[in-house]
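User: Could you walk me through this assembly, one question at a time?

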Amino acid sequence: MTPNQTDRIATQLINFLVLIVVLILLFLLGDIIFSGFPHVSWHFLTSPSSSFSAGGGIRDQLFNSLYLLVLTLLISFPLALGSAIYLSEYAGNNWRTGLIRTAIEVLSSLPSVVVGLFGYLLFVISFHIGFSILSGAIALTFFNLPLLVRSIEGSLHAVPDSQREAGIALGLSNWRTIRGIILPAALPGILTGIILSAGRVFGEAAALIYTAGQSAPILNYADWNPTDGSSFLNPMRPAETLAVHIWKVNTEGVTPDAVSVSAGASAVLIIVILIFNFGARAIGNHLYKKMTGGK
Amino acid sequence: MEAYDLNQTHIIIPPEEIALSTKQLQVYYGHNQQPSMTNASLSFPRFQITALIGASGSGKSTYLRALNRMNDRIARVDGEIRYRGTNINSPKVNVYEVRKHIGMVFQKPNPFAKSISENITFALKAAGITNRQELSNRVETSLKEAALWDEVKDSLNKSALSLSGGQQQRLCIARAIAMKPDILLLDEPASALDPISTTKLEVTLKELTKKYTIIIVTHNMEQASRISTYTAFFHLGHVLEYDQTEKIFQTPEIQATHDYVTGNFG
Amino acid sequence: MDEIQKKLNAPSKASREDVIGRIISYTCIAVIIALVVSILYFITSRGIATFTTNHVSLWQFLTGKQWNPGTLSANGQPQVGALPMIVTSFSVTILAALVATPFAIAVALFMTDIAPKTGAKFLQPVIELLVGIPSVVYGFIGLTVVVPFIRHLFGGTGSGILAGTIVLFVMVLPTISSLAVDALRAVPTYFRSASLALGATRFQTIYKVLLRAAMPRLLTAVIFGMARAFGEALAVQMVIGNAVLMPHNLVTPTSTLTSQLTTNIGNTIMGTLPNNALWSLALILLLMSLVFNLLIRYIGKRGEIKS
Amino acid sequence: MHKKTLISTVVAFSLAGLLLGGCGSKSSQKSASDSTKAAKVTKITAVGSTALQPLVEQAAQDYQASNKNVNLTVQGGGSGTGLSQVQQGAVQVGNSDIFAEQSSGIKADKLVDHKVAVVGMTPVVNPETGVTNLSMAQLRDIFTGKITNWNQVGGKNQKISVINRAQGSGTRATFEGAVLEGKKAITSQEQDSNGTVQKLVATTPGAISYLAFSYVNDKVKAVSIDHVKPTDANVTTNKWTIWSYEHMYTKGQPNKATAGFLKYMNSSKVQGSLVKKLGYISIHDMKVTKNAKNVVTK
């Protein structure tokens with residue numbers, strides 16, 4: 001066999017493997033979207049769920065998922081950002097830094113039910129936060145941190161050192177250089193990290209059952225006071241997310257239309273993630289173009 | 001390359017007013033016991049261009065970067081750097097103020113991923129200048145001084161990364177002089193540029209000596225002889241010779257200098 | 001002293017900013033460390049209770065094959081042998097990684113060297129989308145598609161290591177491929193151009209230059225995928241069968257550490273042996289993920305020195 | 001300019017996050033007790049049995065609509081979690097599928113039982129096995145592994161695959177208590193939820209498991225035992241013996257607000273409609289009682 005033949009065969013093999021992956025992807029997405037889409041309607045999206053009769057919707061669960069995402073990012077993003085800055089800009093290359101990194105990474109492979117129970121015993125019970133979006137957000141922070149820290153640190157590293165030198169040589173403080181020069185330059189990469197971690201938040205169920213809970217009290221969308229019990233903005237209320245709802249109707253749901261609710265909810269979840277992905281990507285590209293003045 | 005006697009040196013002290021001087025400056029990288037830069041004692045005259053020449057690895061860039069404490073994070077620097085009667089190598093000295101007075105331009109153009117005017121105003125704002133008029137004045141003057149104004153005056157809000165390499169480097173110079181430093185350190189500023197841009201840059205530097213003291217590291221001996229008044233020759237982490245540029249290039253005292261400027265090594 | 005001298009010797013806004021910056025970033029890392037330490041302490045303290053409070057021997061725990069923490073065996077010893085779950089967990093993890101790696105590397109090569117444009121525009125977003133599909137959904141697709149398919153081919157119930165492997169394969173694919181993309185992108189372009197300039201074909205370049213240069217980071221990607229697979233619970237639980245039996249082949253029901261943990265933790269009473277034994281499983285998971293991470297670090301270090 | 005805003009937002013978030021992470025616990029504790037004093041809202045949290053959760057949650061919503069001074073939170077987590085948490089006093093109500101006495105590690109005398117519903121369970125088989133009736137002895141032999149083929153009990157020549165419920169789950173405890181007579185079930189597949197079991201039995205040839213009545217649909221076949229059909233009516237008279245209570249435990253006697261809610265759970269409003277809608281049998285319909293030792297009295 002000549003090298004050129006090998007080359008052709010190898011390329012074809014790669015294309016073939018990629019094709020299989022694409023087919024699996026299309027099958028998965030197709031399966032979820034096509035089996036779910038017929039059940040998605042305006043009514044489905046805008047009515048509260050029902051625990052025993054058919055015709056329940058997912059309004060509150062959908063909102064809870066989004067709200068939980070926002071809260072989780074509010075908690076985990078600053079922490080991850082600060083830590084990533086520490087790791088990439090301040091930490092020395094020694095065993096202590098290695099230990100810190102390992103410790104953070106270990107978090108990402110803990111089974112979610114363990115983190116859920118930990119969150120339950122510590123935050124829900126000991127700290128009296130109760131079953132709440134806040135507890136859920138703190139629990140999800142555990143999964144989010146390693147992902148976010150790694151991706152933010154990676155994007156900070158990807159910014160050339162010459163940018164740091166440029167800032168420092170102008171008499172700027174390290175902090176100002178990081179904030180004003182390095183961070184904006186790393187923004188597109190950071191956004192990708194956020195997208196990935198957002199996917200994890202949308203998809204997580206086991207950790208939330210014990211922290212954010214699996215009940216969806218009726219929400220009042222006209223009540224903008226976050227301290228009211230029924231206000232949709234109250235972070236201290238229990239909140240069932242879409243993924244938890246899918247889990248619930250599939251495992252213990254007694255509604256006659258459990259199958260279609262689950263299929264519809266999965267489709268909505270996928271579509272929301274899709275919108276989120278492309279939205280964040282578009283914003284990232286826009287920012288990048290603006291900064292580099294792409295022609 | 002021959003083994004030269006590194007202890008045989010010829011270093012003068014220029015008669016002009018001295019802007020910056022070093023005494024017994026030593027630089028150690030990492031945990032190395034062996035200094036990368038040994039006992040450099042040089043004085044730089046005000047409003048002149050001084051060139052630092054030498055082969056790769058001779059320590060000239062290391063020395064230059066030590067002057068405004070850019071090596072703080074990666075190396076240990078012993079000895080004295082005297083500026084305005086203060087030893088600015090002391091850990092007590094405010095290193096940010098040092099760098100405001102001693103600016104630096106690097107080998108590769110490194111503008112920020114911001115607009116042209118923001119590139120200049122960013123550090124000014126950080127230094128507490130908020131008046132818009134003042135800011136736009138500074139942008140204009142510094143760009144004019146760096147001979148870039150005519151090329152970019154209509155596109156100040158365009159990204160700096162859309163400029164050509166030579167323009168980017170002149171923007172970096174403008175960015176540095178907008179801080180109104182005393183001294184400008186340039187680390188092979190023309191090495192990434194084409195001949196036309198290089199000529200423009202050299203003209204610009206000559207102009208700048210009216211207001212600034214310039215110390216430039218260069219690989220290019222013609223460049224050194226074209227623009228500098230004084231030249232220091234670095235070899236293997238030692239300064240072997242320092243004198244007027246003409247002297248260095250025509251009648252050097254030290255054999256190594258002679259061999260280097262005549263192209264025997266380097 | 002003139003004004004400049006004064007400035008040189010006094011702290012300025014910049015020095016204050018730097019102190020603030022340090023405080024902020026050190027605080028963040030301290031908070032994270034506190035979180036990590038607390039959860040590690042929490043799991044460890046509960047996990048070792050099986051051995052300290054309930055006096056189960058560690059050896060018996062790691063090598064026993066009977067798992068009935070609620071009942072005592074004939075000789076009055078609690079039956080807490082985790083070996084079947086340990087074996088199964090390793091089997092599905094390694095098999096899933098073995099299957100996923102060629103696909104992930106192919107996807108990564110496609111995105112970096114064969115068709116970067118299509119890759120970045122189409123493949124990457126879709127692969128990232130895979131991360132967001134809830135485990136439950138993976139599990140149910142596994143239960144309704146994969147398990148019947150295996151049952152059709154091999155008979156039996158269809159649940160087992162094979163089904164678990166297939167589900168995990170899809171789940172770790174995005175992790176491994178996105179990290180593999182990073183690994184390949186980190187290989188400098190001149191490696192490629194040098195090889196191509198010497199007349200090597202694209203495949204030779206990929207095989208002899210790219211993959212070798214990227215090897216440490218590719219291995220890291222695989223291990224990351226394995227760590228993810230090792231800790232996955234809900235999806236595996238639905239397709240593995242959850243029978244605490246030593247796996248004899250790939251298509252009989254068995255149980256992983258995570259599936260056992262997730263299935264039973266809500267049904268046990270805290271502080272009792274059945275509950276403690278589950279926390280011991282969590283401790284094994286924790287230690288394993290530690291091992292995976294140390295491996296990553298070790299490989300990463302070796303790769304650093306080589307290149 | 002707006003880039004600066006962006007950065008300051010980021011920094012503001014950082015600080016907010018730190019505050020939230022650091023002091024969130026304290027402030028929330030405080031605000032909770034403050035609001036208790038101000039509006040006299042009593043917070044009741046019920047956790048435990050996943051099976052019971054939908055019923056209690058729905059009842060709690062209805063109850064709160066007319067009782068503004070109670071704030072009810074109903075969550076799952078499993079019977080074991082419910083019992084241990086109520087015992088520790090971490091929650092007010094622990095929902096459980098089993099008697100506290102049947103759980104080791106629970107001091108049952110400290111807890112007060114409130115039975116709120118009855119759930120009947122039936123063996124279910126894959127419809128293709130061709131079996132519609134089993135004797136109690138046959139059922140026992142199947143689950144202990146003595147009978148391994150459906151033709152031994154009058155069905156097709158097909159291997160039996162047993163799908164059990166999670167060890168320690170209430171459903172399994174009830175089933176084994178009523179069927180196995182203390183014998184040990186063979187180690188087999190286990191699933192922990194009705195939904196999954198139903199799907200598995202429906203699709204796995206030769207499968208047998210057991211489900212709460214409400215999860216039986218046309219894709220699985222409910223089996224009669226000794227020709228007694230699994231119906232609500234047969235449960236109420238104990239002709240059908242595989243059934244259990246759904247319990248809501250409190251630590252000692254419940255406080256006033258909790259007692260009010262528990263009373264509501266026992267009212268005919270809940271028992272007469274909601275309980276039935278969710279597939280349970282009303283506690284009021286029972287003609288027999290059963291204690292923790294499985295002794296039935298009329």
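This is a predicted model: local features need pLDDT of at least 70, side-chain atom pairs count only at pLDDT 80 or more; totals for chains, interfaces and linings use all residues.

User: Which chains share the most contacts?

Analyst: Two residues are in contact if their C-beta atoms, placed from the backbone, lie within 7 Å. Chain B and chain D do not touch, their nearest C-alpha atoms being 9 Å apart. Five pairs of chains are in contact, and the most contacts are shared by chains A and C.

User: Which helix gives the largest share of the side of chain B that touches chain C?

Analyst: Here, twelve residues of chain B are in contact with eleven residues of chain C. Four residues, the largest share of chain B's side, come from one element, helix 2 (residues 95-101) of chain B. Helices are DSSP runs (H or I, at least four residues), as strands are (E, at least two), numbered from the N terminus.

User: Is helix 3 of chain A parallel or oblique to helix 8 of chain A?

Analyst: The axes of helix 3 (residues 59-90) and helix 8 (residues 174-203) of chain A come within 9 Å and cross at roughly 135 degrees. Axes are lines fitted to C-alpha atoms, for helices over the stretch in contact, and angles run from 0 to 180 degrees between N-to-C directions. Angles under 35 degrees count as roughly parallel, over 145 as roughly antiparallel, 65 to 115 as roughly perpendicular and the rest as oblique. Therefore helix 3 of chain A is, relative to helix 8 of chain A, oblique.

User: Where does His128(A), with its positive phi, lie?

Analyst: Most residues other than glycine have a negative phi. His128(A) is not a glycine, yet its phi is about 60 degrees. His128(A) is partly exposed, with 16 other C-beta atoms within 10 Å; 20 or more would count as buried and 12 or fewer as exposed, with C-beta atoms placed from the backbone. His128(A) sits in the loop between helix 5 (112-126) and helix 6 (133-158) of chain A.

User: What is the phi of Arg84(B)?

Analyst: Arg84(B) lies in the loop between strand 6 (75-83) and strand 7 (86-87) of chain B. Arg84(B) is partly exposed, with 16 other C-beta atoms within 10 Å. Its phi is positive although the residue is other than glycine, with a value near 55 degrees.

Definitions and conventions
Residues are numbered from 1 along each chain as its sequence is written. Chains are lettered from A and ligands numbered from 1 in the order in which they are written.
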